[in-house]
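Subject: Structure for your review

Dear colleague,

Please find the structure below, together with its sequence. My findings follow it, and I would be grateful if you would read them alongside the coordinates.

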Amino acid sequence: MAQLAEFNIGRLRVALDDAVLEPYLVAVETVIADAEAADGFVWRDQYLAAFDDPNPFGPDALATISVWSSIDALRKFTYSGNHRESFRGRHQWFVAHDSPAMVLWWVDDGHHPDPDEANARLEHLTQHGSTERAFTFASHYPPP
């Protein structure tokens, strides 16, 4: 059975010790706990800028790779509760993207994507738009 993989990345607008970032850093623990308790959550890996040494996405990157039981489960978590509230502040904390910052794709049950796979899927989405290989909430594909 297929599960939904998700990758999102943000580049910090401010330094890790900037007071502007404090509300985000405070919210991270709550949002992670909410994700792990959410219906449909399967697995995640978190990369928090320079807190991770080395960070495969760079010292200014905050990124998450996660796996969910369905697109509906991920959508419900993403657009509700503490995640939704903290997401509203993203313009204060992250540089605006001129390309996609999030990608979805289907994986085999039990598969945990690594940073190389996540980057490749995001690059595919950037180059080709939504396809069965890499897509978005707005233009998604059913499981294989």
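With the side chain of which residue does the side chain of glutamate 6 make a polar contact of 2.4 Å? The partner is asparagine 8, through its side chain. Please note that this is a predicted model, and the findings below should be read accordingly.

Glutamate 6 belongs to strand β1. With a relative accessible area of 5%, glutamate 6 is buried, since the cut-off for that class is under 20%. A further polar contact, of 2.7 Å, links its side chain to that of serine 66. Beyond its neighbours within four places in sequence, glutamate 6 is in contact with several residues, including Thr64, Ile65, Leu74, Val103 and Trp105. Glutamate 6 and asparagine 119 are separated by 113 residues in sequence, and their C-alpha atoms lie 11 Å apart in space.

The sheet

Strand β1 is part of an open sheet of four strands, in the order β2-β3-β1-β4, with antiparallel pairing. The edges are taken by β2 (41–48) and β4 (102–108); each has a single partner strand, so one side of each has no neighbour in the sheet. From one strand to the next, the twist averages 15°. Strands β1 (residues 2–11) and β3 (residues 61–68) run antiparallel and are joined by eight bridges. Within this pair, leucine 4 has tryptophan 68 of β3 as its bridge partner.

A second polar residue deserves mention here. Glutamine 46 is located in strand β2 and is buried, its relative accessible area being 16%. The side chains of glutamine 46 and threonine 64 are joined by a polar contact of 2.7 Å.

The helices

Helix α1 (residues 22–37) lies across β2 and β3, and its direction is at about 160° to β2. Helix α5 (residues 115–128) also packs on the sheet, where it touches β1, β2, β3 and β4; the angle between its direction and that of β4 is about 120°.

In helix α2 (residues 71–78), the buried residues are Ile71, Ala73, Leu74, Phe77 and Thr78. These residues lie on the same side of α2, because they cover an arc of only 165° around the axis. Asp72 and Lys76, by contrast, are exposed on the other side of α2.

Yours sincerely

Conventions. Residues numbered from 1 in each chain as written. Predicted model: local features only at pLDDT ≥ 70, side-chain atom pairs only at ≥ 80, totals over all residues. Heavy atoms only, no water. Pairing = 2+ DSSP bridges. Helix = DSSP H or I, 4+ residues; strand = E, 2+ residues; numbered from the N terminus. Axes fitted to C-alpha atoms, helices over the stretch in contact; angles between N-to-C directions. Contact = heavy atoms within 4.5 Å. Buried < 20%, exposed > 50% of the residue type's maximum accessible area, 1.4 Å probe, protein only. Arc of directions from axis to C-beta. Polar contact = N/O pair within 3.5 Å; in protein donor to acceptor, adjacent residues only side chain to side chain.
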